[in-house]
Amino acid sequence: MIGSPDLVAFTKEDEYGHPNPDPWGIPEEFSVPLHPLADFNPWAKTSYAKFTKDFILISEFSEQVGPQPLLTIPDDPKVCGTFDLNYFSLRIMSVDYQASFVGHPPGSGYPRLSFVEDSRVVLGDSKEGAFAYVHHLTLYDLEARGFVRPFCMAYVSADERKIMLQFEELSLRFSQASECLKAGNRRAFAKELQRKLRDLEYTHSVLQKEEGLQREAGPQTMYSAHAVEKANELANVEKSIYEHRDLLKQISLYHHRPRRDPHAVTCQKCMNECLSECEELLEKYAKLANPISYNNKGRNVGEERDQVDDFGGEEEVDDDGVKRRPSYTPQLIKAKSAKCFDKRLKTLQELCDETFYQATVRLLKETEKSFRGDLCYLHTRRLDKMLRRKQQVTNFLFEEELGEDDENEWGNLRPFCAVNHVVDNCTILNPPPIVLGPDPHELDSLEPPDLLDLASEISHTQELGVVESHLESSPSDQTLETQESSEETKGSLSSGKSGRSQTTRQQNQTPDPDSDLTPDRDHNTDLERESSSEEMETTAGEEEGDSGGDQTPVSLLEVVPELAGDRDSDCEGATDGACELQSDLLVPLDTACCMSQEGFLYEASPPEAVSHLDHSSNPQSCDTLVVNQEPQALLPLQDDYAVGSPCSESPTAGLELPVGSLGDTISRTSIEEGSDCTMSVSTGSERAASPLGYGRGVTLRQRKKAGQGALRFVRQYPFAMQALWCLLSGRTLVVLGSDEGRVRRLVAALALFVPGPGKCGERVQAWLSCPFTLTDLQRWKLVGLQRVASPVGSSMLYSLSRYSRYISILDADQKTLRCPPYCGQLLANIATHRTYIRRGSTYFLHLQSTLCRLAAKAFLFTFTHHLHLPVSSTEGPEVVEGRRRCFLQEQLGLGEEDSLILLYLSQLITQHYLQPATGGGAAASYFNFDYTTSVLYKI
Amino acid sequence: MSSGCPPQSPAVAKSEVVIEGECPLLAATFAYWDNILGPRVRHIWTPKGDQLMFLSDGEVTFLANHTLNGEILRSAECGAVDVKFFVLAEKGVIIVSLIFDGELKGDKNTCALSIILPQTELAFYLPLHTICVERLKHVIRRGRIWMQKGYNIISVLSLEIVPIMELLASMKTHSVPEEIDIKDTVLNDDDIGDSCHEDFLHKAISSHLQTCGCSIVVGSNPEKVNKIVRTLCLFLAPAERKCSRLCKADSSFKYDAGLFVQGLLKDSTGSFVLPFRQVLYSPYPTTHIDVDINTVKQMPPCHEHTYNQRRYMRSELTALWKTDSEDDIAPDTVIHTDETFTPDLNIFQDVMHKDTLVKSFIDEVFMLKPGLSLRSTYLAQFLLLLHRKALTLLKYIEDETQKGKKPFRSLRNLKTDLDLTVEGDLNIIMAFAEKLRAGLHSFVFGKPFFTSMQERDVLMSF
């Protein structure tokens, strides 16, 4: 039998990469390769260039030495390697199209400045494997031929497709850089003209004086050769003055010319500033005495000296009326400029105003950074963001924040000036893909003053006092309180049918009974009926603050009513407008598609009202909230809330109380302070050093690094799946260990699996060195706990054992996990220790897609209306519950334990959707506990 | 335009091409570098019909001459076709130039085939750039052979210049918008099967994704065709949608290679003839969807398609090389002359591989209430999943092979690790990854395929 290895030896070589020249066949140069290099290595085509990565090259067509490279970004010789920059500069400069007329046009007495639009060219050198986007521009230089200096900025890459696919973005970025350079150049040019005019005026006055002296000294009818020469020189200077005045006039007209380039990016502020400067100069030099008038014979030498002093020693008066020494002293110059090769050409820095030059370089550096990397990653990242923008209902679960700058990434970069608007628009230029959350410090500084400053201050002081007292209170007080509530919970649960239960913490803000938004009795009964008997109410939450702002329950309890009062009075007083604004933000929902069990569930009541209804009269209804509204209808509302509440921008966003429809909010400052105080109770300064980036967004780099940790965890611990299941199903996981570094690393890795971790990861406590309370468990879904051998340690262990029924404990030292058993299949794919995934970054990508799928399923479950609502009035909640379970099991193919994940995610989505004001705080509103016996897993 | 244009050379020949509708192309030119006279324009093609902007012949000549600027420095390999792309705000035009070497009057010359468009059409043109360039590149390959033989290249170039003018004109009026309203698609139906059969829709979308989003939809009812076209376009990236075309209501467009999705209307006899050569020249394999009889057929996967395409190209070029007469060229002739390659005309086959990704999506999306944004959101989640899976797959292979330095041998592990054990799912994700990294299919599946082709060839030669 003939096998394939035998056959291969007999095959013709010409089809398989080894050309066998056929004298009558087509030469290879006229054909196409059957197996191009890309078939054997798809990564290879970008690797034969002589440079290691993309870079930006600025070149000039020097009138002295021809095309020459000036600058590369990054300015590292390693980047360019052995790539011949001189040759490439020659190549890219030789395609310039801007060879428009410069110099004296026919019929014109004066030289004309050419206002040429930039041109953009993409070209390549296939032999060198180098391709470039080239942006040609001209700058003005008084000493250059035709007053112009041609430059180009090129983005050089080994990947031609990368340039063409991102042509518009590149064009936009480089247009911004070009406009910035040109704006600086016009200023510098105007200043240079100013200096030149001063020199000329000064020279003219000196020459005039000399000529006058000669004329007076010699006979009236005789002109010596010297006198004639002087007279000619004077005429030349006069002509030169007119020419330069005209140039000044022309440069000031630059702004009035019609732009022919529809893709040019202009900054109006820069234009106006430059225009006003030029006009000022023009006015100034138009006012100067006409040089011809110096011929007045009546003037004596003394007067002329004064006149000379006027030019030479002109003093500048600043705004305060203080006389300063002049910045420039005019010099005697020759009317004819030096020959081309005798003069030193100005550098690019000298040609542009320093500020503008630096801004341009900064801009180009940012451009280089933002286009860095492989095209497929850049492309996917953009698509990723575009798609995430369409699913903001679920993004909070596992996705990083979509910053404002991301809005502009998909080819919609806003026109921007690197100099004048740098403060306003800096976020646009920051490389968007990496920053996943806003910098709180920057945001704080940029934020408008809080409308409730007064209330904030008051609450701040009050709360500080309260917290201080709280600090003094013994830990046992806290545990007693929580003990009571947990006992209560236990008691109520014991009557339940099912072993599973959920505790929902409630807001202690009681709705105003007079408010229109307060739900009526009927609604309450509806909701009561809606709630399942299996889902039990707990009284623990009643005593405590809002789920989102539960820093220190006692303190908040005391502060909230006062705050509300303060705020109300504030609103009534000085900030009526603000109150109106806030009420304006409460856009009523489109209730067209809102259904209830008997008709419309939330008819005519916005989500805020629903939330209050839940918290006031029917707390357990939160468990059975049903989303019947179109997600998009709520999105603007959420955005509006973000304006009113700094929740989305604050590092402690998730710790903030929601802004309710009744206006009972707590000022941001107070909450921040509250959270700080809590930190001092629990962790002190450790929190700031958390690898999870508390107080600021978690960067993609950090997340990828965490991916590596997660992969290691999955490989190392055979019970990783159980741990991940705990996190994904909402059960708090405590990582216990004595080595802080190890615990922190584990927490950072596991944080990737925490649904709705909060904008700044506030659901994760990386390192805790004191006993925790039930409240903490509700707030944190993942806690790193220090194991210490001391009295504190024993109290911590006590708290661990006390709450063990609500939590899972991963012991990093013993390498054990205590949690309920999990035998599902949903997580098998991301938690198998037999995975062949090699790198953390690859695992992170895999994780992202798996979590994205989970979020999609949860979305489907949440928004499939018929699952959650009775088909007919005779249908009871059991039937509905059965249908939901059937959907999870039969449609989605999930087992009992896997269903818990979906249920938890769905609850989070529902709450996030119906109570947008709490934002990421939704996650804290639930914590599950399970009467199933926990099992101890060991390696 | 610049007033300083050089006087037009009387020697420049010009063809006016009658184009239906508004053609965004201003002109196409063929110029070469004369060793004595410098850059010279040999031929100009201009559309005859509605034009957005007028360029005089002198202006066209001026621009065309300048496409050869700097090419005296050219050091490309023999036979290479380099692309230059100009956006000249000063002139208000964009120029796409393909620079190549060719023999004219016994001398080796640098030549440029260019197309000129108004600058205002930049956003319209950019997504179509790759299509135009690839098609022009191939006609240049043919033209170079013609030049080598001393024949007139212009007739060969015209074979592609005119269709490109027609393509751009048709895209101007019938391209799919970047944003598609889900209400105009099948996904807005109350229930699955309302406007097309459940399995048909699943097959169509699945195959469409397996063939890298490249599909042709044929039918007798333009509304029905366009509804499916829009539905398929929902699964494309915005730039790819701009490379897709709806069908014309009254008469059919010609098939255009390189478009992602195109709707084509059957003639009165109920048939549509697909040009074999052009379908094979499409950069990706194609799915053929007939909405009249609800059939879905697909071409072989990327690596096979590319292999067939290259073999066909080589055969075509060889045939031209062996041609003895200038009259022997025909644009769409199926090449049979090469004894080593007989194209399989039955290139469209049944969809063999079932998937779970699209199946579950189709099943689930109709559970969500129509008319709201729920389905759009769910679609976005589905697409996000596919893109992320594709990137993960790419990264996995990258890690395994050290960026292609080592052969990929662990397909089984990949399938298990990334949950792609179902063949259809793997095909879909591979197709997404192929668009990100061209040549991935050949790299992963190529070796066994090429070996089997070798075996076949050897067996046939016995």
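Where in chain A is A:His256 found? I took that as a way into this predicted model, and the rest of my notes follow from there.

1. **A:His256.** This residue sits in the loop that runs between helix H7 (225-253) and helix H8 (268-287) of chain A. Setting aside residues up to four places away in sequence, A:His256 touches A:Leu275 and A:Glu279. A:Met271 is 15 residues from A:His256 in sequence, and the C-alpha to C-alpha distance for that pair is 9.8 Å.

2. **A:Ser89.** Have a look at helix H4 (residues 85-93) of chain A, where A:Ser89 lies. With a relative accessibility of 0%, A:Ser89 counts as buried, because the cut-off is under 20%. Beyond its neighbours within four places in sequence, A:Ser89 is in contact with A:Leu57, A:Ser59, A:Pro67, A:Gln68 and A:Pro69. One of these, A:Ser59, is 30 residues away in sequence but 6.0 Å away in space, C-alpha to C-alpha.

3. **A salt bridge inside chain A.** A:Lys162 and A:Asp54 meet through their side chains in a salt bridge, at 2.6 Å from N to O. A:Lys162 belongs to helix H5 (residues 160-165) of chain A, while A:Asp54 is in the loop between H2 and strand S1 (55-62) of chain A, so the pair ties together parts that are 108 residues apart in sequence. Both A:Lys162 and A:Asp54 are buried.

4. **The A/B interface overall.** How much area is buried between chain A and chain B? The figure is about 9600 Å², and carbon and sulfur atoms give 60% of it. Chain A puts 106 residues into the contact and chain B puts in 99 residues. On the polar side, the rule finds 30 residue pairs in polar contact across the interface of chain A and chain B, both residues being at pLDDT 80 or more. Helix H29 (residues 840-863) of chain A supplies the largest share of the side of chain A that touches chain B, namely 14 residues. That side of chain A divides into 48 nonpolar, 28 polar and 30 charged residues.

5. **Salt bridges across the interface.** Over all chains, a search of the whole structure finds 57 salt bridges, and the rule finds 11 across the interface of chain A and chain B. B:Asp399 pairs with A:Arg839, with the closest N and O atoms 3.2 Å apart. Another salt bridge links B:Arg144 and A:Glu29, and here the closest N and O atoms are 3.5 Å apart. B:Arg144 is in helix H3 (residues 129-148) of chain B and A:Glu29 is in the loop between helix H1 (4-8) and helix H2 (37-40) of chain A, so this pair joins two chains. Are the two partners buried or exposed? B:Arg144 counts as buried at 3% relative accessibility, whereas A:Glu29 is partly exposed, with a relative accessible area of 29%.

6. A:Asp384 forms a salt bridge with B:Arg388, and the closest N and O atoms are 2.9 Å apart. The pair crosses between chains, from helix H12 (residues 375-389) of chain A, which holds A:Asp384, to helix H11 (residues 374-401) of chain B, which holds B:Arg388. A:Asp384 and B:Arg388 are both buried. Salt bridges with shared partners join A:Asp384, A:Arg388, A:Glu399, A:Glu400, A:Arg703 and B:Arg388 into one network.

7. Strand S3 (residues 119-125) of chain A and strand S4 (residues 82-88) of chain B run antiparallel and are joined by four bridges. Which residue in S4(B) is the bridge partner of A:Val121? That partner is B:Phe86.

8. **Chain B on its own.** Chain B has 14 helices and 11 strands. Of its 462 residues, 64% count as buried. Taking contacts in chain B between residues at least 6 apart in sequence, 70% join residues at least 24 apart.

9. **The open sheet in chain B.** Five strands of chain B form an open sheet in the order S8-S7-S9-S10-S11, with mixed pairing. Strand S8 (261-265) and strand S11 (349-350) of chain B are its edge strands, each pairing on one side only. Within the sheet, strand S9 (residues 287-290) and strand S10 (residues 295-298) of chain B run antiparallel, with four bridges between them. B:Asp290 has B:Thr295 as its bridge partner in S10(B).

Definitions and conventions. Residues are numbered from 1 along each chain as its sequence is written. Chains are lettered from A and ligands numbered from 1 in the order in which they are written. Side-chain values use heavy atoms; hydrogens and water are left out. Contact means heavy atoms within 4.5 Å. Buried area is the accessible area (1.4 Å probe) that two parts lose on being put together, summed over both. A salt bridge is a side-chain nitrogen of Lys or Arg within 4 Å of a carboxyl oxygen of Asp or Glu. A polar contact is a pair of N or O atoms within 3.5 Å; within protein, one must be able to donate a hydrogen and the other to accept it, and residues adjacent in sequence count only if both atoms are side-chain atoms. Ala, Val, Leu, Ile, Met, Phe, Trp, Tyr, Cys and Pro count as nonpolar, Asp, Glu, Lys and Arg as charged, and the others, Gly among them, as polar. Two strands pair if DSSP finds at least two bridges between them. Buried means under 20% relative accessible area, exposed over 50%, partly exposed in between (1.4 Å probe, protein chains only).
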